[in-house]
There are 2 protein chains.
Amino acid sequence: MKFRNKFSTIILVFSVSLNAVANAEQSTQAQSPAKATNTNSNNSTAEWRTVDIEKMVLLTLPHGKVVIELAPQFSPKHVSQFINLTKSGHYNGNKFYRVIDGFVAQAGPEDGSSADREVPLLALEGEWSTDKNWSFTLVQNNDLFAEQTGFKDGFAIGHNPSENKAWLTHCPGIIAMARGNEADSGSSHFYITNGQAPRYLDRIMSIFGRVIYGMKHVQAITRTATIEGETEIPSSAHTAIISMKMMTDVAVEEQIHLAVKNTESELFANKLAERIKRDNAFFFKKPPQVLDVCQTPVLTKLIQK
Amino acid sequence: MKFRNKFSTIILVFSVSLNAVANAEQSTQAQSPAKATNTNSNNSTAEWRTVDIEKMVLLTLPHGKVVIELAPQFSPKHVSQFINLTKSGHYNGNKFYRVIDGFVAQAGPEDGSSADREVPLLALEGEWSTDKNWSFTLVQNNDLFAEQTGFKDGFAIGHNPSENKAWLTHCPGIIAMARGNEADSGSSHFYITNGQAPRYLDRIMSIFGRVIYGMKHVQAITRTATIEGETEIPSSAHTAIISMKMMTDVAVEEQIHLAVKNTESELFANKLAERIKRDNAFFFKKPPQVLDVCQTPVLTKLIQK
């Protein structure tokens, strides 16, 4: 009985949301035509895309380092403000003051402090308009929360062709701006999703990046939410941000260089088509031929410079 | 600008998968008829169900305590064997040897050891047959992976009326038996899901319980999976199980007593109906009126004895 090896198979082939699992990648080549449509003709052969260092943020926590890839192509104003705040040192020392297992880890400056009050408000960037020339890598039609799901530039998206709208979707590990009740009330407080995707927040929040490295450290941020009957967590125990820096501002020897799977490649589309078929012997009975975009990995690898 | 307070609203009202969030519970009463159907008439008024101590397992990790509620009503043979193994000390000292962020934490005895080889194989308990008298609390029709989703006795389930089949579904925090390629090849190695629900495993694995307390400690189990370019994690660094005990075998002063939301109550059904409407002012635009069963909390509270 080799459960370890046997069950490995499934992990090797089919794991995992997020990104911390390059060794979970299947090495076999695709053997079937892709079901995905609309893939970009750009970069259609490259398996990996090197992440632009100017789009990477290094979030240093007491227990480890986290790298975020920003998405200026989808949420330019939020990214621009986040970069300005990061460069100004706004987030250094901030606490993760609302951390709920299975939902979000949220951080920001002390409520009502001058650092908090002086940040300009941002107009919501929850979705964008598409036209017939717009393309993406299709994952699933008739998803519960969207007419279509897929990937664009490594980011999980929803797409409603009937509305000509697309949006970044709340899969685990996205970073988005918190806000008040008004649509255009975000400024600097942000959250990172840490559990089952809260997709009811899609289109009404501004997602502006995703964790591409160190998600395990996000998962280890001290929870602030307690259950009935439990002792409250004192604010002194909240996890602090040691530093938030643009990767370009990190000393060269401490920079982390990363590549992620090129979701615009034919290879990636082929892998999706393979994944949905579950041809591995482990599947003595085939599951429904559907994919949850948030449970479809876009792997990361470290690059030595 | 009170993002903290404002964004709290959404958490207070709408969070969270799993269980560690009693303070995320909305206190207002339901104001609309429930959409859920088929709720049991038993216990229809009790908001909480005290978890039977004989069904609770205390998993002690180096960094914290985890409580699992077993589900003998759904997977009697797996529960029976798991209890026997637990009582015999089988799991004490086992390592979590395969831990992948966003997927599973898997543990068991050393591969090929006598402890491993001597455990009887189990027949799969991946689903059960339903009849017209079978009832559950409906969450969603036409879910991506099931004709219906819902809850039964606090457990998230899928249900296909067209097949008269129902099953426990792979939401975050379930415990299931690992197996080889053969359906009936599970024995003692188990996994706990720690990320976006891998629901393609539904019906072909045997889920036999769920974490009702301490999921944050499951999330902090050392990952064994690395990405390309990263240093391997030595097995000496794998998280060990300090002890696995039936709660009845734990010294009285160290027992943890818990109650969970009574998913068979009218109150719970009403909350689901409320949740789907998103009436809170935070939702300046309403999301689709659908619910992901794995992102629908069944809260836990501590009981002092």
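What follows is a chat about the labels and the values behind them.

Mentor: Ground rules to start: this is a predicted model, in which local features need pLDDT of at least 70 and side-chain atom pairs count only at pLDDT 80 or more, while totals for chains, interfaces and linings use all residues. Residues are numbered from 1 along each chain as its sequence is written, chains are lettered from A and ligands numbered from 1 in the order in which they are written, and side-chain values use heavy atoms, with hydrogens and water left out.

Trainee: What makes A:Cys171 and A:Cys294 a disulfide?

Mentor: The label asks for a pair of cysteine sulfur atoms within 2.5 Å. In A:Cys171 and A:Cys294 the S to S distance is 2.0 Å, so the pair meets that cut-off.

Trainee: Which hand does the link of A:Cys171 and A:Cys294 have?

Mentor: Left-handed, with -75 degrees about the S-S bond.

Trainee: How many disulfides are there over all chains?

Mentor: Two, from a search of the whole structure. In chain B, B:Cys171 is joined to B:Cys294, with S to S 2.0 Å. That link is left-handed, at -75 degrees about the S-S bond.

Trainee: Why is A:Cys171 called buried?

Mentor: Buried means under 20% relative accessible area, exposed over 50%, and partly exposed in between (1.4 Å probe, protein chains only). A:Cys171 comes out at 6%, so it counts as buried. A:Cys294, at 2%, is buried as well, and so are both B:Cys171 and B:Cys294.

Trainee: How do you know that B:Ala146 is buried?

Mentor: Its relative accessibility is 6%, so it counts as buried. B:Ala146 lies in strand β8 (residues 146–152) of chain B. Leaving aside residues up to four places away in sequence, B:Ala146 touches B:Gly158, B:His159, B:Asn160, B:Trp167 and B:Arg199; contact here means heavy atoms within 4.5 Å.

Trainee: What about A:Ile221: buried or exposed?

Mentor: Buried, with a relative accessible area of 1%. A:Ile221 is in the loop between α4 (215–219) and β14 (243–246) of chain A. Among the residues that A:Ile221 touches are A:Leu61, A:Phe96 and A:Thr239.

Trainee: What makes β5 and β12 of chain A a pair?

Mentor: Two strands pair if DSSP finds at least two bridges between them. β5 (residues 104–108) and β12 (residues 190–193) of chain A run antiparallel and are joined by four bridges, so they qualify.

Trainee: Which sheet of chain A is that, and why are β4 and β14 called its edge strands?

Mentor: An open sheet of eight strands with antiparallel pairing, in the order β4-β5-β12-β11-β13-β3-β2-β14. β4 (95–99) and β14 of chain A each pair on one side only. The twist averages 30 degrees from one strand to the next, where axes are lines fitted to C-alpha atoms, for helices over the stretch in contact, and angles run from 0 to 180 degrees between N-to-C directions.

Definitions and conventions
Helices (H or I, at least four residues) and strands (E, at least two) are DSSP runs, numbered from the N terminus.
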